[in-house]
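Trainee: Could you take me through the ring pairs and the helix packing of this model, one step at a time?

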Amino acid sequence: MQIFFVAGESSGDTHGAHLVSALREACPGLECEGLGGVQMEAAGMKLRYDLAGRAIMGFTEVIRSLGFLRRLFHDTVARLKEMRPDCLVLIDYPGFNIRLAKQAKAMGIPVVYYISPQIWAWKKGRIHTLAAVVEKMLVILPFEQALYQKVGVDCTYVGHPLFDHLPSVPRSGRLRGGMVIGLLPGSREQEIARILPLLLEVAAGIAKQHPDARFIAPCVDATREAQIKAIAADFPVETCIGGAYDVLDAARFCLVASGTATLETCLFGVPMVIVYRISPLSYWLARMLVDIKYIGIVNILAGKCIVPEFVQHGACVQNVLPAALELIEETPARAHMLDELAMVKASLGGPGASARASAEVLKVIQES
């Protein structure tokens, strides 16, 4: 049995790795191959290209990378024609993956889409394209299942795979001690370049009020660590490679770029504010195309703004610092946020998403 996977971002690589592990445990002879990252490779997938390691964000950045993406797409289509896998498993990354799903459908290869594109936020018409090309949709947010079932898609809510990932990551407790403030500017070069300078300004303001505060930034690798240290210059920021959960385990408060990190921070029960900046053109296009009230998944799940969001021009030290200080100290706002974060966590169920997703993938293969 052969399965081809495609994951294009760091979080997709993480969740894909747990899915690969669950599938190989259920089916020891399974051969896995695809595009993803080093975590999927470590789980037993033959990695054709580290797409997650070259994650591309923003409209303008994607445009600049079109030549590379086009070549990779054609290479992947050719590999699918040669390999004829029993199933193609696509993990988020819609710009690339929806096009690939169409090609696989034409070849008669069953397509399972794990972790839905955000059709509830933008390009809502994609749901009809997905209905035409996927054999099975596996969603990780509770409200998504009804959206797909409404248009006749065979869809199963499997729960959020972060509950599978959190217990598997060892936490040493090495960062505990004192007032730890987490700085999480994202994992991509462009994100860090745009967001970290503001986080450092806010951190400097926090340090004036709390001289004992320790500021710690997790890094995905040595390259991003060097970038963070270069931007921080003389400001005392501690860094740790691959230690995001150690930071969250120790943190009293976090400044977080929008993305999976906001949900991870929520699951650790750490108060936060969300700060996000993208290129001016990408922001303008997003305003034109994205139809959603909040950018933070925690707020989307709550259906209201429980975590302050500071985006683009609103992301300035004058706005962010007062909100940060209020949540660092023992205030009613901090207590209220802790209660709200606990309710969001409870709404996502518990562990087992990867095993449930694995069972659904194998069911599709058996029935095809």
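Mentor: Before we discuss helix packing, note that axes are lines fitted to C-alpha atoms, for helices over the stretch in contact, and that angles run from 0 to 180 degrees between N-to-C directions. Keep in mind as well that this is a predicted model.

Trainee: At what angle do the axes of helix α9 and helix α15 cross, and which class does that give?

Mentor: The axes of α9 (residues 189–209) and α15 (residues 317–328) come within 9 Å of each other, and they cross at roughly 50 degrees.

Trainee: Is the crossing of α9 and α15 left-handed or right-handed, and which residues of α15 make the contact?

Mentor: For the handedness, the crossing of α9 and α15 is right-handed. On the α9 side the contact is made by L198, E201, V202, G205, I206 and Q209, and on the α15 side by V317, V320, L321, A324, L325 and I328.

Trainee: How many aromatic pairs does the structure hold, and how far apart in sequence are the parts that F215 and F235 tie together?

Mentor: The structure holds five aromatic pairs. One of them joins F215 and F235, whose rings are tilted, at 5.5 Å centre to centre with 55 degrees between the planes. Since F215 lies in strand β9 (residues 213–219) and F235 in the loop between α10 (222–232) and β10 (237–241), the pair ties together parts that are 20 residues apart in sequence.

Trainee: Is F215 buried or exposed?

Mentor: The cut-off for buried is under 20% relative accessible area. Because F215 has a relative accessibility of 3%, F215 counts as buried.

Trainee: What is the sequence separation of the parts tied together by Y245 and F268?

Mentor: Y245 and F268 form a tilted pair, with 5.4 Å centre to centre and 45 degrees between the planes. Y245, which is buried with a relative accessible area of 5%, lies in helix α11 (residues 244–250), while F268 lies in the loop between α12 (260–267) and β12 (272–276), so the parts tied together are 23 residues apart in sequence.

Trainee: Which residues do ring pairs link into a cluster, and which residue lies over the face of F73?

Mentor: Ring pairs link F73, Y93 and F96 into a cluster. Over the face of F73, at 3.9 Å from the ring centre, lies R99.

Key. Residues numbered from 1 in each chain as written. Predicted model: local features only at pLDDT ≥ 70, side-chain atom pairs only at ≥ 80, totals over all residues. Heavy atoms only, no water. Phe/Tyr/Trp six-rings, centres within 6.5 Å; stacked < 30°, edge-to-face > 60°. Helix = DSSP H or I, 4+ residues; strand = E, 2+ residues; numbered from the N terminus. Buried < 20%, exposed > 50% of the residue type's maximum accessible area, 1.4 Å probe, protein only. Lys NZ or Arg CZ within 6 Å of the ring centre and 35° of its normal. Left-handed = near helix turned anticlockwise from the far one by under 90°. Contact = heavy atoms within 4.5 Å.
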